[in-house]
Amino acid sequence: MSETFQHFQNSLSNHDRAWIDDFDLDALSALQGEERLQAEKILIDRLGTEDRRVPRALAAMGAQSALVPLRQRLESGQGAFRVEIAMALWKLDRFSGSL
């Protein structure tokens, strides 16, 4: 496991003030290959937690694999979480149904 992936994982589980608003987006952007796919899967699995950082992170990664799960969660998401999903869908796919 690379140091970059470890930084990402630390930002997931660490409740330090540095990660209150977002996960380590620099680390996410730098991931490649299998680690990138693994990070996408971790984030997609976390869509059920209504953590507003998740849709932002998926959009920052350009995670096309998240389009279907994000659209599904748009139906049931509420409040600020739903807004974050809509913005992520717009960034990833210019999805007009997110507006």
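1. Glu40 and its partners. Leaving out residues up to four places away in sequence, Glu40 touches Leu58, Met61, Ala63 and Ser65; contact here means heavy atoms within 4.5 Å. Glu40 lies in helix H3. Its relative accessibility is 8%, so Glu40 counts as buried. The cut-offs are under 20% relative accessible area for buried, over 50% for exposed and partly exposed in between, with a 1.4 Å probe and protein chains only.

2. Basis of the model. This is a predicted model: local features need pLDDT of at least 70, side-chain atom pairs count only at pLDDT 80 or more, and totals for chains, interfaces and linings use all residues. Residues are numbered from 1 along each chain as its sequence is written, and side-chain values use heavy atoms, with hydrogens and water left out.

3. Confidence. The mean pLDDT (the predictor's confidence in each residue, from 0 to 100) is 87, and 88% of residues reach 70 or more. Confidence is lowest in helix H1 (residues 3–13), at a mean of 85. It is highest in helix H3 (residues 33–45), at 95.

4. Layout. The protein has six helices and zero strands. Both are DSSP runs numbered from the N terminus: helices are H or I with at least four residues, strands E with at least two. Of the 99 residues, 38% are buried. Take the contacts between residues at least 6 apart in sequence: 51% of them join residues at least 24 apart.

5. The core. The largest nonpolar core has 26 residues. Such a core is a set of buried Ala, Val, Leu, Ile, Met, Phe, Trp, Tyr and Cys residues joined through side-chain atoms within 4.5 Å. Phe8, Leu28, Ala39, Leu43, Leu58 and Leu70 have the most contacts inside it. H1, H2 (25–30), H3, H4 (53–61), H5 (67–76) and H6 (79–93) each supply at least two residues. H6 gives the most, with six.

6. Leu58. Setting aside neighbours within four places in sequence, Leu58 is in contact with Glu40, Leu43, Ile44, Leu47, Ala63, Ala66, Leu70 and Leu92.

7. Helix H5. Which residues of H5 are buried? Leu67, Pro69, Leu70, Arg73 and Leu74 are. They cover an arc of only 160° around the axis, so they sit on the same side of H5. The arc is that of the directions from the helix axis to the C-beta atoms. These buried residues pack against H3, H4 and H6. The face turned away from the buried side carries the exposed residues Val68, Gln72 and Glu75.
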